[in-house]
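Okay, thanks for coming, everyone. Let me put the model up and talk you through a couple of pieces of it.

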Amino acid sequence: LDNIPLPYLQFLAIGNSDLRRATLLFLTLRINRLLREVISEVLLDRLKSLDRSLDSNTIAAFFDLKCEQENVISQWSKSTYQKVCSNTILILVRSGLLIPGNERKTYEIQAMPIPIQLKQQLKNDGLELYLKLMLN
């Protein structure tokens, strides 16, 4: 908590549920490079091609590619690899960026409305690039 600027802590402490959820996503994105890359390389690419559908195999394919590209990831155990994949999907669902579909392990990409307080704070702090990653 020491590394979180005061305005964001206040959003978490006294904000409504939408503000807290968006703030948590921002704070997670700040420290989780793989999550930023999943959003940038998978979700945003899908949206650019006007395809809002996604399944867990697409996320797994992303991690397979990262495994080939990055030595650290290639050294993960199978259980670590699976846990990171499932936790990434869980973060995306809980943040509201993915909505579970009717079929198992299918999702719809959902743009996230960012509360004005958070949006303005990110702009004031020069962190607007996170708004794109939050699908705003």
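I'll take a helix pair and then a set of strands.

This is a predicted model, with local features needing pLDDT of at least 70, side-chain atom pairs counting only at pLDDT 80 or more, and totals for chains, interfaces and linings using all residues. Numbering starts from 1 along each chain as its sequence is written, and side-chain values use heavy atoms, with hydrogens and water left out.

So, helices: H4 covers residues 56-69 and H6 covers 78-95, and they pack at about 130 degrees with their axes 10 Å apart. That makes H4 oblique to H6; oblique is whatever is left after under 35 degrees (roughly parallel), over 145 (roughly antiparallel) and 65 to 115 (roughly perpendicular). Who touches whom? On the H4 side there's Ser56, Ile59, Ala60, Phe63 and Asp64, and these meet Tyr81, Val84, Cys85, Thr88 and Ile89 in H6, where contact means heavy atoms within 4.5 Å. By class, that contact has 7 nonpolar, 2 polar and 1 charged residues.

Now the strands. S3, residues 106-109, has antiparallel partners: S1 (residues 53-55) is joined to S3 by 3 bridges, and S2 (residues 98-100) pairs with S3 over 3 bridges too. Pairing here takes at least two DSSP bridges. Leucine 54 sits opposite tyrosine 107, while leucine 98 has isoleucine 109 as its bridge partner.

How values were computed:
Axes fitted to C-alpha atoms, helices over the stretch in contact; angles between N-to-C directions. Helix = DSSP H or I, 4+ residues; strand = E, 2+ residues; numbered from the N terminus. Nonpolar A, V, L, I, M, F, W, Y, C, P; charged D, E, K, R; others polar.
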